[in-house]
Amino acid sequence: MPNPIESALRTGGSLGAAVVRPVARGMSDAAIAGVDAVLDSRLAAEVVDRVAASPLVGRALGAALEGPLLDLLARDLVRYRVAERLLSDGLVEQTTTRVLESEELWLLVEEIARSPAVTDAIARQSVGFADVVAGGVRARSRSADTWLEERARRVLRRRAPPADAATPPDAVPPPDAVPPPDTAQP
């Protein structure tokens, strides 16, 4: 036969549980509402701002990056195929499109293009390109001069001077250094 004391405790316990459960749920809902109110407060925002600006956050971030956290994050990014999901969801294309359409990007590009470092680099590259083009023109001009001279000699039936007597093209005197034709020696 069951003990009357045990029976009373069991019955009381069941009654107690029936009364306590709704009270506990109500307290739980009230606690969550209280937490929400605190998180929405100006005080919470100020506390978060101060903590974020403190050296503590820098130390915590440094410790997290030095430790296994970064390796775990990289493994999970691969394991859960985050890159594939981002690409398949079109997020990368949407982001790229939005960035290219933004006014701020083009203001940034303009600012970079006007910077002294960029304009200096472009000027140096332009001078280098001009030197390359001028060198090509000089070489073609020499080739054309040689070709014309050979054709003229053939037409006039004259022989070319010996190769050792030929004046290199860079050593040709300027036009005002050549004596006039009436004072030239025969």
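This is a predicted model: local features need pLDDT of at least 70, side-chain atom pairs count only at pLDDT 80 or more; totals for chains, interfaces and linings use all residues.
Let us begin with the charged side chains. A search of the whole structure turns up 6 salt bridges. Side chains of opposite charge can pair when their charged atoms come close.

Helix α2, which covers residues 42–53, holds both Arg42 and Glu46. Their side chains form a salt bridge with an N to O distance of 3.3 Å. These two residues are 4 positions apart, about one turn of the helix. Glu46 also meets the side chain of Arg50 in a salt bridge, here at 3.2 Å from N to O. Arg50 and Glu46 are separated by about one helical turn, because they sit 4 residues apart in helix α2.

Glu46, at 32% relative accessibility, counts as partly exposed.

## A pair of neighbours in sequence

Another salt bridge joins the side chains of Arg151 and Glu150, with 3.6 Å between N and O. Arg151 is partly exposed at 30% relative accessibility, and Glu150 is partly exposed at 38%.

## A leucine patch on α3 and α4

Now for a nonpolar part of the surface. Leu61, Leu65, Leu70, Leu73 and Leu77 make a nonpolar patch of about 460 Å². Two helices, α3 (55–66) and α4 (69–79), each supply at least two residues of this patch.

Which helix gives the most to the nonpolar patch? That is α4, with 3 residues. Leu73, one of the patch residues, has its place in helix α4. Leu73 counts as partly exposed because its relative accessibility is 47%, a value between the 20% limit for buried and the 50% limit for exposed.

## A positive phi at Arg81

The last stop is a backbone feature. Arg81 is not a glycine, yet it has a positive phi of about 50°. Where does Arg81 lie? Its place is the loop between α4 and α5, the latter helix spanning 82–88.

Is the side of Arg81 buried or exposed? With a relative accessible area of 52%, Arg81 is exposed, since exposed means over 50%.

Terms used: Residues are numbered from 1 along each chain as its sequence is written. Side-chain values use heavy atoms; hydrogens and water are left out. Patches are made of residues with over 30% relative accessible area and no salt bridge: like charges are joined within 9 Å, nonpolar side chains (Val, Leu, Ile, Met, Phe, Trp, Tyr) within 5 Å. Accessible areas come from the Shrake-Rupley method with a 1.4 Å probe; for residues, only the protein chains shown count as cover. A salt bridge is a side-chain nitrogen of Lys or Arg within 4 Å of a carboxyl oxygen of Asp or Glu. Buried means under 20% relative accessible area, exposed over 50%, partly exposed in between (1.4 Å probe, protein chains only).
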